[in-house]
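Subject: Structure handover

Hi,

Here is the structure I promised to pass on to you. Please have a look at it first, and then read my notes below.

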Amino acid sequence: MEMTMIGWLHQLGTLEFWKALLEGFGGLGPIAPVILAMVESFFPPLPLIAIVALNVAAHGGLLGFVYSWAGVMLGGTVMFLLWRRVVKRFFWKFARRSAKLQKAEQWVSRFDTASLFMLSLLPFTPSSFMHFAFGISDFDEKRYLVTMLLGKGVMVAMMALFGQSLVSAMKNPFYLVLAIAIWAGMYFASRHFCKKHEID
């Protein structure tokens with residue numbers, strides 16, 4: 001039993017193992033990567049940047065980007081419409097008594113289309129809170145969805161570039177430095193924006 005475990009751990013550390021795993025994931029077609037990216041909207045602790053990197057590694061840069069963007073958009077649209085069409089329409093007269101919900105409504109009022117676009121494209125801002133706050137607000141629905149579509153497209157493109165750099169790092173270590181630089185840039189830009197707009 002102990003030897004079997006050691007052998008499995010040794011296999012886990014080989015490049016061939018991870019290539020086989022990625023090929024297996026890639027063989028599942030477009031549904032698996034789209035759903036994986038979509039689920040992140042419902043479970044914020046899931047690291048979207050890792051999901052996009054996985055999709056890029058398994059499906060290539062272009063398809064990995066397209067599948068990830070589709071999943072992020074589907075998940076974000078569902079969450080926004082859930083708050084806007086269900087909670088706000090049927091339960092808001094009871095829920096709006098909450099001081100936290102009133103604060104979220106007031107927070108949205110400081111955003112115009114340009115700042116919403118910036119909020120959407122930064123990967124380390126809390127997307128789940130964004131969908132909730134704009135969903136319960138009076139912010140124009142179509143403007144929100146179109147702006148989010150564009151902002152999330154830029155965000156996923158940056159993440160796809162990060163993922164492609166990781167894949168390329170297997171052949172050239174320089175790309176690992178590039179990947180770390182991309183990740184750090186996205187992280188610090190997001191933290192600065194969150195601090196400026198008082199996002200916890």
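A word on helices before anything else: helices (H or I, at least four residues) and strands (E, at least two) are DSSP runs, numbered from the N terminus. With that numbering, Phe-42 is found in the loop between α3 (31-39) and α4 (48-59).

Two notes on provenance. This is a predicted model, in which local features need pLDDT of at least 70 and side-chain atom pairs count only at pLDDT 80 or more, while totals for chains, interfaces and linings use all residues. Residues are numbered from 1 along each chain as its sequence is written, and side-chain values use heavy atoms, with hydrogens and water left out.

Overall, the chain has 10 helices and zero strands. Of its 200 residues, 38% count as buried, where buried means under 20% relative accessible area, exposed means over 50%, and partly exposed is in between (1.4 Å probe, protein chains only).

Phe-42 is partly exposed, because its relative accessible area is 34%. Together with Phe-43, Leu-46 and Val-78, Phe-42 makes a nonpolar surface patch of about 340 Å². Patches here are made of residues with over 30% relative accessible area and no salt bridge; like charges are joined within 9 Å, and nonpolar side chains (Val, Leu, Ile, Met, Phe, Trp, Tyr) within 5 Å. The areas come from the Shrake-Rupley method with a 1.4 Å probe, and for residues only the protein chains shown count as cover. Pro-45 also lies in the loop between α3 and α4, and Pro-45 is exposed, with a relative accessible area of 77%.

In α3 itself, Pro-33, Val-34 and Ala-37 are buried. They lie on the same side of α3, because they cover an arc of only 100° around the axis, the arc being that of the directions from the helix axis to the C-beta atoms.

Now the aromatics. The whole structure holds seven aromatic pairs; rings of Phe, Tyr and Trp (its six-membered ring) pair if their centres lie within 6.5 Å, and planes under 30 degrees apart count as stacked, over 60 as edge-to-face and the rest as tilted. Phe-80 and Tyr-144 are stacked, because their ring centres are 4.3 Å apart and their planes are at 20°. This pair links distant parts of the chain, with Phe-80 in helix α5 (residues 61-95) and Tyr-144 in helix α9 (residues 141-168), 64 residues apart. Both Phe-80 and Tyr-144 are buried. Ring pairs join Phe-80, Phe-111, Phe-134, Phe-139 and Tyr-144 into a cluster. Over the ring of Phe-139 sits the charged end of Arg-143, 4.3 Å from the ring centre (the criterion is NZ of Lys or CZ of Arg within 6 Å of the ring centre and within 35 degrees of the ring normal).

Finally, how many salt bridges does a search of the whole structure find? There are two, counting a side-chain nitrogen of Lys or Arg within 4 Å of a carboxyl oxygen of Asp or Glu. Arg-85 bridges to Glu-141, with the closest N and O atoms 2.5 Å apart. Arg-85 lies in helix α5 and Glu-141 in helix α9, so this pair ties together parts 56 residues apart in sequence. Asp-138 and Lys-88 form a salt bridge at 3.3 Å, N to O. Asp-138 is in the loop between α8 (127-136) and α9 and Lys-88 is in helix α5, so the pair ties together parts 50 residues apart in sequence. Asp-138 is exposed at 66% relative accessible area, whereas Lys-88 is buried at 19%.

Best wishes
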